[in-house]
Amino acid sequence: MFNALIVNKDDEGQTSAAITQISEDQLPAGEVLVAVEYTTVNYKDGLCMSPGGGGLVRNYPHVPGIDFSGTVEASSDDRYKVGDKVVLTGWRVGEAHWGGYAQKARVKADWLVPLPAGLDTRQAMAVGTAGFTSMLSVMALEDQGIKSGPVLVTGAAGGVGSVAVAILANLGYKVAGVTGRPETADYLTALGASQIVAREEINETVKRPLEGETWGGCVDAVGGAMLARVLGQMEYGASVAAVGLAGGAALPATVIPFLLRGVNLLGIDSVMQPYENRLRAWERVAKDLPMDKLEDMVVPATLSDLPKLTADILKGDVKGRVVVDVN
Ligand code: NDP
């Protein structure tokens, strides 16, 4: 028997979460059984834990947790053997399939990635989907070419934003972080931001389709009016990696920045990312994300902290990256 955070739905449709002892035979089918060591809290975990499962969870009882890292305990797939260290993000694990908010998980071998050299299971969850997606965003910006101005990171004190700031600064770019929490300025500066932009400065609906050419690239975790505004502030030919919607899913923009400045809007999806690119991104994380900076982002937690932390992240109240020791 082992501990799992099980979410149940009652006859009135109300969901509730409780740590429950379950056995391996209750786990879903899959080729690899993983002894989970760490999991984390992403915005999507907040949605999955919210009443109604945020439209992402279909079946109850459910074990949330879109990410986990741990050690292979049993495998019927040649690619993995007992004792291998692995990380899992995406593939709708924690949404459509049982996830990492438990001491064990059984999943498809295709969904796992071997932990790259230089990263342990705790660091892998300090990175998690948020940090992995930051790396994908930086890779996408690099592929298009980052221009001369500072790289803007929106939602900078959040998970995606914090890791993006640290990676970009470490790669030698000037980084400007947009935050609605002025008290995080020292934290963002320590991660490598050289400029802090107040959220309200940049969060208004577009008044003029083009403003001064300010940013050489952008990792955008916010979407909505902020993304619309940022598009008009990009340098000629610069790119924005659209990652998130913490500020809204609508895009009240004009096409003028695309037509007159050749601005690129790059869609970033971490969930269905092909295996080869996953490997590349995790290897880049191990190489380009300074581990001391990653440690500065970590908020340690346990399984019993998850109901509060998953509610907090939906309110934008989590700073950096939560690392949950499930044992
Ligand atoms: P966090 O909550 O940790 O970070 C989001 C940050 O956005 C907050 O910390 C806050 O930053 C800022 N923010 C929150 N609300 C608003 C608002 N109303 N207006 C402007 N800014 C706001 O979440 P994550 O970093 O885990 O995820 C960020 C986004 O990226 C989410 O929308 C998530 O769903 C998405 N995502 C997408 C992925 C993909 O595959 N495309 C993968 C991972 C995440 P601050 O306090 O600094 O202002």
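**Backbone, ligand shell and domains**

Reader: How many other C-beta atoms does Arg92 have within 10 Å?
Author: In this predicted model, Arg92 is partly exposed. A residue is partly exposed when its count falls between the limits of 12 or fewer for exposed and 20 or more for buried. The count for Arg92 lies in that middle range because its number of other C-beta atoms within 10 Å is 14.

Reader: Where is Arg92 placed, and what is its phi?
Author: Arg92 belongs to the loop between strand 5 and strand 6. Most residues other than glycine have a negative phi. Arg92 is a residue other than glycine, yet its phi is positive, near 65°.

Reader: What is the form of the peptide bond from Tyr60 to Pro61?
Author: Pro61 sits in the loop between helix 1 (43–49) and strand 4 (67–75). In general, most peptide bonds are trans. The bond from Tyr60 to Pro61 has omega near -5°, and its form is cis.

Reader: Which elements give two or more residues to the shell around the ligand?
Author: The ligand has 34 residues around it, of which Gly155, Ala157, Gly158, Gly244 and Gly247 come nearest. The elements that each supply two or more residues to this shell are helix 1, helix 2 (121–144) and helix 3 (159–170).

Reader: How many residues of the shell around the ligand are charged?
Author: The shell takes at least three residues from each of domain 1 and domain 2. By residue class, 15 of its members are nonpolar and 15 are polar. The number of charged residues is 4.

Reader: What distance separates the centres of domain 1 and domain 2?
Author: The domain assignment divides the chain into domain 1 (2–115 + 294–325) and domain 2 (128–267). Domain 1 brings 14 residues to the contact, and domain 2 brings 14 residues. Taken over C-alpha atoms, the distance between the two centres is 29 Å.

Reader: Which helix gives the most to the side of domain 1 that touches domain 2?
Author: The residues on this side of domain 1 comprise 4 nonpolar, 6 polar and 4 charged. The greatest contribution to the side is 3 residues, and these come from helix 9 (residues 291–297).

Methods: Residues are numbered from 1 along each chain as its sequence is written. This is a predicted model: local features need pLDDT of at least 70, side-chain atom pairs count only at pLDDT 80 or more; totals for chains, interfaces and linings use all residues. Helices (H or I, at least four residues) and strands (E, at least two) are DSSP runs, numbered from the N terminus. A residue is near a molecule or strand if its C-beta atom, placed from the backbone, lies within 6 Å of it. Ala, Val, Leu, Ile, Met, Phe, Trp, Tyr, Cys and Pro count as nonpolar, Asp, Glu, Lys and Arg as charged, and the others, Gly among them, as polar. Domain bounds come from an automatic or database domain assignment. Two residues are in contact if their C-beta atoms, placed from the backbone, lie within 7 Å.
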